[in-house]
Amino acid sequence: DKQNEGARIESEASAIKSDATGTITSIESQGRKLLREWGAVNEECKKTILQLRNNVCGTKKLKQEVITIEAKQRKGERLEIADCSVSDFTPGECLNAEFAAMMSQRGIYDVSQLGGEVGPNMKHECGPGGGTQYYTREPVSPPKTPDYGAECPPLRLKTICNDFECPVQCQLGDWEGWSSCSKSCDGGMKRRVRPVDVYPQYGGEECDPTKQEETCDALACDRP
């Protein structure tokens, strides 16, 4: 009986180890996929930044040519060109997409305008598809020369946020009964195990121990 009990415990431990190995392999595969996707997005971002820099440089060059021409027409009088300047973007909360759409219909893009705190049902913490996040900024000064000064750039930016799977926490089953003691005297070991009902995923908390051991039958075999 003790031999059979030991074999059963060993078989269950092997099954648990196999399941854990499969979970680790799946997580590693997802990690490699995310790195590939991030690499592609990063390269696209670099191209966009370079294009924007080129646009800015081109605009500055054109503006300088206008200033030079105007200065000649004004007989040396310098033309002062002041563009619209804006503050830095301020990120808003990551909101439930439906709630954000309802806000935008009312012309509200910053939840602070609503007053009070943002309720949990209004936020989007995680989940496929993501939520909606607005970045807003304000004009610091308008263009002083409307004919030549650059108009204010967009004051609002809409993005998708928290577009990732929600963490799955480990869930354990109940402990099984203790096994028989491995020895009838001189000290043996007894064991018990519990199953993993749900393995953690996407950064969920790891499982607590699934196996326990205790000493048993510690009395000496040669006791009187």
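Author: Start with one term. A disulfide is a pair of cysteine sulfur atoms within 2.5 Å. It is a covalent bond between the sulfur atoms of two cysteines.

Reader: What kind of model is this, and how are residues numbered?

Author: This is a predicted model: local features need pLDDT of at least 70, side-chain atom pairs count only at pLDDT 80 or more, and totals for chains, interfaces and linings use all residues. Residues are numbered from 1 along each chain as its sequence is written, and side-chain values use heavy atoms, with hydrogens and water left out.

Reader: How many helices and strands does the protein chain have?

Author: Helices (H or I, at least four residues) and strands (E, at least two) are DSSP runs, numbered from the N terminus. Here the protein chain has two helices and nine strands. Read from the N terminus, their order is α-β-β-α-β-β-β-β-β-β-β.

Reader: How many disulfides does the structure hold?

Author: There are six disulfides. Number the bonded cysteines along the chain, and the pairing reads 1-4, 2-5, 3-6, 7-10, 8-11, 9-12.

Reader: Take C94 and C161. Which hand does their disulfide have, right or left?

Author: Look at the torsion about the S-S bond. For C94 and C161 the torsion is about 90°, so this disulfide is right-handed. The two sulfur atoms are 2.0 Å apart. C94 sits in the loop between strand 2 (90-91) and helix 2, while C161 belongs to strand 5, so the bond ties together parts 67 residues apart in sequence.

Reader: Where in the chain are C84 and C152?

Author: The sulfur atoms of C84 and C152 are 1.9 Å apart, and the two form a disulfide. C84 is in the loop between helix 1 (2-73) and strand 1 (85-86), and C152 is in the loop between strand 4 (139-141) and strand 5 (156-161). That puts the two 68 residues apart, in distant parts of the chain. The S-S torsion is about 85°, so this pair is right-handed. C84 is buried because its relative accessible area is 11%. C152, at 32%, is partly exposed.

Reader: What is the S-S torsion for C185 and C221?

Author: The torsion is about 95° for C185 and C221, so this disulfide is right-handed. C185 lies in the loop between strand 6 (171-172) and strand 7 (188-193), and C221 in the segment after strand 9 (211-216), so parts 36 residues apart in sequence are tied together. The sulfur atoms of C185 and C221 are 1.7 Å apart. C185 is buried at 14%. C221 is partly exposed at 40%.

Reader: Which residues make up the largest nonpolar core?

Author: A nonpolar core is a set of buried Ala, Val, Leu, Ile, Met, Phe, Trp, Tyr and Cys residues joined through side-chain atoms within 4.5 Å. The largest one has eight residues: L95, F99, A100, M103, I108, V111, V118 and Y134. Helix 2 (residues 97-105) gives the largest share of this core, three residues.

Reader: What share of the contacts with a separation of 6 or more joins residues 24 or more positions apart?

Author: The share is 71% in the protein chain.

Terms used: Buried < 20%, exposed > 50% of the residue type's maximum accessible area, 1.4 Å probe, protein only. Contact = heavy atoms within 4.5 Å.
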